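I opened the notebook for this model and worked from single residues out to the whole chain. My entries follow the order in which I looked things up.

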Amino acid sequence: MIKTADELALMRISGKLLASVFEMLDRQQFAGMSTLAVNDLVDRFITDDLGARPASKGQYGFEYVLNCSINNVVCHGVPDARQIIRDGDIINLDITLEKNGFIADSSKTYIVGNAPPAARRLVQIAQEAMWKGIAQVRPGARLGDIGAAIERHAKKNGYSIVRDYCGHGIGREMHEEPQVLNFGRPGTGAELREGMVFTIEPMVNQGTRKVSTEDDGWTVVTDDGKLSAQFEHTVAVTRTGVEVLTLRRDEAPTSRRRPR
């Protein structure tokens with residue numbers, strides 16, 4: 001669970017490279033693209049431009065470099081040449097990258113074109129919920145502090161938190177200890193220590209928190225068909241607080257927030 005200074009230095013490289021993938025995607029016009037085309041774009045960028053490895057490709061039998069989850073898809077959406085991204089959609093792109101033996105994991109929900117205000121608000125609250133969780137990270141805090149902050153922000157804005165999936169430790173392996181739940185009670189759970197690295201990735205639903213997996217064995221959807229949004233960063237516990245390893249340049253002001 002604890003990374004050495006040298007291991008953290010390598011994880012910063014992976015995180016910075018993954019951040020650049022999202023900065024590339026920020027410049028794309030998704031409307032009219034297939035989700036498979038987005039997958040292939042990211043595949044080429046990671047392998048050819050960055051000289052890194054798409055860590056999700058081939059893991060657990062998954063054939064693609066990313067998950068693309070549109071509208072009522074909560075997570076694990078599978079790229080498909082027949083699935084065209086439409087104006088007004090929201091789409092979460094969840095991407096992993098490995099460099100020098102260490103993996104970074106991050107996701108962002110994009111608003112495509114003229115999405116309705118209700119969809120835009122959901123995306124905003126999901127992003128805020130992630131940052132509420134990140135703001136709790138510091139030595140001596142508890143995992144329950146993170147989950148409680150995330151759930152509190154979602155619920156007070158009228159949304160629910162998916163409980164079936166959570167954040168996780170990360171390093172040489174995609175999924176390491178600990179599990180980082182998106183709900184909980186303050187002051188409970190494992191104590192955070194300097195050198196721990198994990199993901200924080202709340203999934204926020206418009207309606208019920210209940211979800212189901214479709215027949216493909218991957219795609220997870222809301223039971224009531226309402227929208228879902230997710231954001232994710234890989235973070236490290238530092239001596240003084242938290243470092244967001246997958247931070248993008250457009251998020252720099254947010255990164256300077258300190259835990260209360």
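I call a residue buried when its relative accessible area is under 20%, exposed when it is over 50%, and partly exposed in between, with a 1.4 Å probe and protein chains only. The model is predicted, so I take local features only at pLDDT of at least 70 and side-chain atom pairs only at pLDDT 80 or more, while totals for chains, interfaces and linings use all residues. I number residues from 1 along each chain as its sequence is written, and side-chain values use heavy atoms, with hydrogens and water left out.

**Entry: Thr219**

Is Thr219 buried or exposed? Thr219 counts as buried because its relative accessibility is 8%. I found Thr219 in the loop between strand S10 (211–213) and strand S11 (220–222). Helices here are DSSP runs of H or I with at least four residues, strands are runs of E with at least two, and both are numbered from the N terminus.

I then checked polar contacts. These are pairs of N or O atoms within 3.5 Å; within protein, one must be able to donate a hydrogen and the other to accept it, and residues adjacent in sequence count only if both atoms are side-chain atoms. The Thr219 side chain makes one with the side chain of Asp216, at 2.6 Å.

Contact means heavy atoms within 4.5 Å. Setting aside residues up to four places away in sequence, I list Val73, Cys75, His76, Gly77, Val78, Ser212, Thr213 and Glu214 as touching Thr219.

Glu98 is found in strand S3. Glu98 is buried because its relative accessible area is 16%. Its side chain reaches the backbone nitrogen of Asn100 at 3.5 Å. Beyond neighbours within four places in sequence, Glu98 is in contact with Ala52, Arg53, Ala55 and Ile103.

Gly58 is in the loop between H2 and S1. Gly58 counts as exposed because its relative accessible area is 55%.

**Entry: helix H2**

H2 runs over residues 35–49. Its 15 residues reach 20 Å from first C-alpha to last, close to the 21 Å expected at 1.5 Å a residue. The expected span is 1.5 Å times one less than the number of residues.

Which residues of H2 are buried? They are Thr35, Val38, Asn39, Leu41, Val42, Asp43, Phe45 and Ile46. An α-helix has 3.6 residues a turn, so residues three or four places apart point the same way. The cover over the buried residues of H2 includes helix H1 (5–25), strand S1 (66–70) and strand S3 (90–99). Gly51 follows H2 with a positive phi, near 65 degrees.

H3 has 18 residues and spans 26 Å, close to the 26 Å expected. Among its buried residues I noted Leu122, Ile125, Trp131 and Ile134.

H4 has 14 residues and spans 20 Å, close to the 20 Å expected. H4 is mostly covered, with 11 of its 14 residues buried. These pack against H3, strand S5 (160–161), strand S7 (176–180), S8 and strand S9 (203–205). Just after H4, Gly158 takes a positive phi of about 90 degrees.

**Entry: nonpolar cores**

A nonpolar core is a set of buried Ala, Val, Leu, Ile, Met, Phe, Trp, Tyr and Cys residues joined through side-chain atoms within 4.5 Å. The largest has 32 residues; Ile134, Val137, Ile146, Leu192, Phe198 and Ile200 touch the most other members. Two or more residues each come from H3 (117–134), H4 (143–156), S8 (197–200), S13 (233–237) and S14 (242–244). H3 gives the most, with 9 residues.

I looked up Ile134 separately. Aside from neighbours within four places in sequence, Ile134 is in contact with Ile200, His233, Val235, Val242 and Val244. Another core lies apart, with 27 residues, among them Met24, Ala52, Ile85 and Ala104.

**Entry: whole chain**

The protein chain has 5 helices and 14 strands. Buried residues make up 54% of its 260 residues. Among contacts between residues at least 6 apart in sequence, 71% join residues at least 24 apart. The C-alpha atoms fill a box of roughly 45 × 45 × 35 Å along the principal axes.
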